[in-house]
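Visitor: Could you walk me through how to read a few features of this model?
Guide: Gladly; let us look together.

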Amino acid sequence: MEPDRAKPRTFVEWFQTLDRRILYVAFFVFVVGAHFVPIHWPSTPAKHTRALYAAIENAPLDKVVAIDSDWFAGIRAESENQMRAIFHHLMRRRLKFVILAWARNPEGQKFGYDIAAKVAEEYGYEYGKDWVAFGMVPKARGAELASLAKDIRGFIQTDMYGTSLDDKEKLPMMQDVENIYDIGLIVSFSYGFDPNWLGFIQGVYGTPFGVALSAIESSTAYSFVESGQICGMLAGAAGAAEYEQLLDLPESKRPARTPVNVLSISIVYVLLAILLGNVAYLTSLGKKQ
Amino acid sequence: MNKKTALQLALILGVAALFVAGFFYQWLRVHDHPDVTWKTHIGAWVGAICVFGILSYLHSENVFYRVFEHILLGLGLGFTIANMIRQVLIAKWWEPMYAAFKAFYRGTYTSQSYWDACLIVAGIFGLMWYFQYSKKYLWLSRITIGVFAGAGAGLAIKAESIKVFPQITSTFKNVIIGTSQAPNLPVGGLEGRLGLSIQNVLFVVIVCCVLYYFFFSLRRDSAIAKAPANLGRFFLMISFGAFFGNTFMTRVVILIDRVHFLLHDWLMVQ
Amino acid sequence: MEQASWALRIFVFLIAFFVLWKVVRAKAGRELYLRKIPGLEKVDDAVGRATEMGRPIMFNPGLVDLSIELFCCLACLSHVVRRAARVNTNVLVPIAYPLTYAICEEYWKDAYALEDKPGLFSSEESIRFFSASQAVFASSTSGWMERDRVSANFLWGQYGWESLFLAEAGQRAGAIQIACTYSYYQVPFLIVSCDYTAFGEEFYAAGAYFGRDPVLVGSLAGQDMSKLVIFLLIVVGSILAVVTGKFNWLYMLLYGT
């Protein structure tokens, strides 16, 4: 299908035989340049972003929010900003929360704790009294969620420092948290959400379940948002930027705007490449015929 | 020197020049950041070298890329193994089990001790995996595989059923939205009665055509039988285009994050 | 609902009944029709091409863990390895999970043994465990692919963002690429970068397609009957939604309230 690499005659043929490495370097330079373009694109928060905002706004104050921190450094650009925005909202509403961590993904625990600790300084949140980061537990195809729902303290046992969850002095918040009925909302931060949350928690106990995913996986989650199984969703870096807008955070606390602005400009490059590539391909097909 | 070698040399020199320029630039700029010292900044330098080492794969598979590939492999594996041993095997298996048997020995056991002692069964099952390496006792490892596969299948049946059912009910769309069903909605516009009706019709037709595409045991000899399958494939391609767009966004944002790191944390330009 | 509703119980038993019924019919010798799946028909051609070029084949199950999908994958692995064994070609298998390694190794060895070629190639060198971390898995597999210059690359399993990475590496190595995945969001990338692509349910059908084992073929036919029931439910539900509104008796029956 590749055209003859002998001396090209037209721009279209030259473009088709262009070394892809030049395209890579050009794209890299384009993205670097886009960082210096001071254009801020306005955005309208999507329906699913507003739904997650409403879910947190309506979360009961006498229950805790469970944060499933299951993301990793590779998607930091999206998940970090999403998590920061959600923590701002939780702490603004004075909602207590716990951070779940899984043994297969140690980074999630570290990132979740670091971001929560940083935002907690602004709102005067105390560890143990207003929020707790759990110790890691293994994933077991949904059995871990079924156990978690029935007895949180018995299953998790310790926080990330090894303090027993039954310790009333160090973790007073946990004394009121026994099982799934003490959790008012679950928000899962991950690359792609674990569907076992729906099968073992949301579908069984009806606990509202929201997700903050990478943009890739948001496509698969739309059907669950449509059916109401997922109460709200943040999709990628754009979701984080939209959420910051809904919270009306000051400019200095909107780190998601930079990647979204650069993304909007970078898309121009890709659209041009796709357009030119398709024109070249269709033209070469026409010539063959 | 041929063109290819010249291009490769130019690329290597270009990256090296970038690093040298970056070094001098930071040497001049570091006094603007009082909280940044060379000790704290070494992490950014290591990160920047790793970024360019891995990105060098875009040119071709080379020794720099292989070095960083193996570093990443070793770090990832080591971290996971250490974490599993410390946080799962020791904290969740060995310690409770040991405490239970100690309690039985001392006579200070509770009802929980019985359950914790049962963890020895989990340990035996886990060790049975290693009979994979024995030709004579391979059948023991098959017991463990069978238990895992059976438990996994049982859990999956429960989870999938609960997950899928609401999806079926959410496809019951009203394809003709009249005044009686939605008196407050306008007639026209995307969110009006006509727009929503058209959306619902499309939704139901697309779901049915795509379902039909994935029938494997029905014959499609006639044009009428083939048409919904072709339509289903067409709609699937449209959805793949949407997936492509979303996927592209994530991947570019990952690159943007790395560029931001290079500009902000390493070069301290922004 | 902590316990299943009656509708859910009936539905699950109905699916089980359909599958068992078709399996019994298949085992009784009744020929069950399976339509052609375009991507899967080219597998044998790809193995043949690899033999002509004298380079190994790579069968990449991606990030499949111990699950139903793994067993679908293994059925295809057996088929590919047996075809390769007949023409003395090596099949390289990169693995992401330790549990998958043990099982894949068993299937790989059995497949060579079934063709009377046990020990033709070393499993320690041909099957390698890397990591479940996508970055590590992708970079290690692509490096291996390029160093060994594989001639056919089967991307058969679950993938994340590394799908395009692996497909690009396969293209650079000059391999013919056939992808079969149930990871929908990676299908567009595999369609543009691979020579042939099968997706979604076709992944699950592939095991039955190659082996024609009565149990697998019967299961597939039974699943088709279940899909037909869902199809009818959707049509009837939509008609009822027009006549009596969305929250009609069928909706309430299935929703369990």
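**A strand and its partner**

Guide: Strand β3 (residues 131-137) of chain A is mostly covered, with 7 of its 7 residues buried (20 or more other C-beta atoms within 10 Å of a residue's own, C-beta atoms being placed from the backbone). Strands here are DSSP E runs of at least two residues and helices H or I runs of at least four, numbered from the N terminus. This is a predicted model, where local features need pLDDT of at least 70 and side-chain atom pairs count only at pLDDT 80 or more, while totals for chains, interfaces and linings use all residues. Residues are numbered from 1 along each chain as its sequence is written, and chains are lettered from A and ligands numbered from 1 in the order in which they are written.

Visitor: In which sense do strand β2 (residues 97-102) of chain A and β3(A) pair?

Guide: Strands pair if DSSP finds at least two bridges between them. β2(A) and β3(A) run in the parallel sense over 5 bridges, and W102(A) has V137(A) as its bridge partner.

Visitor: How do I read the packing of helices α7 and α8 of chain C?

Guide: Two packed helices are described by the angle between their axes and the distance between the axes. For α7 (residues 134-148) and α8 (residues 162-172) of chain C, the angle is about 10° and the axes are 9 Å apart (axes are lines fitted to C-alpha atoms over the stretch in contact, with angles from 0 to 180 degrees between N-to-C directions). That makes α7(C) roughly parallel to α8(C), the term for angles under 35 degrees.

How values were computed:
Parallel < 35°, antiparallel > 145°, perpendicular 65-115°, else oblique. Buried ≥ 20, exposed ≤ 12 C-beta atoms within 10 Å, placed from the backbone.
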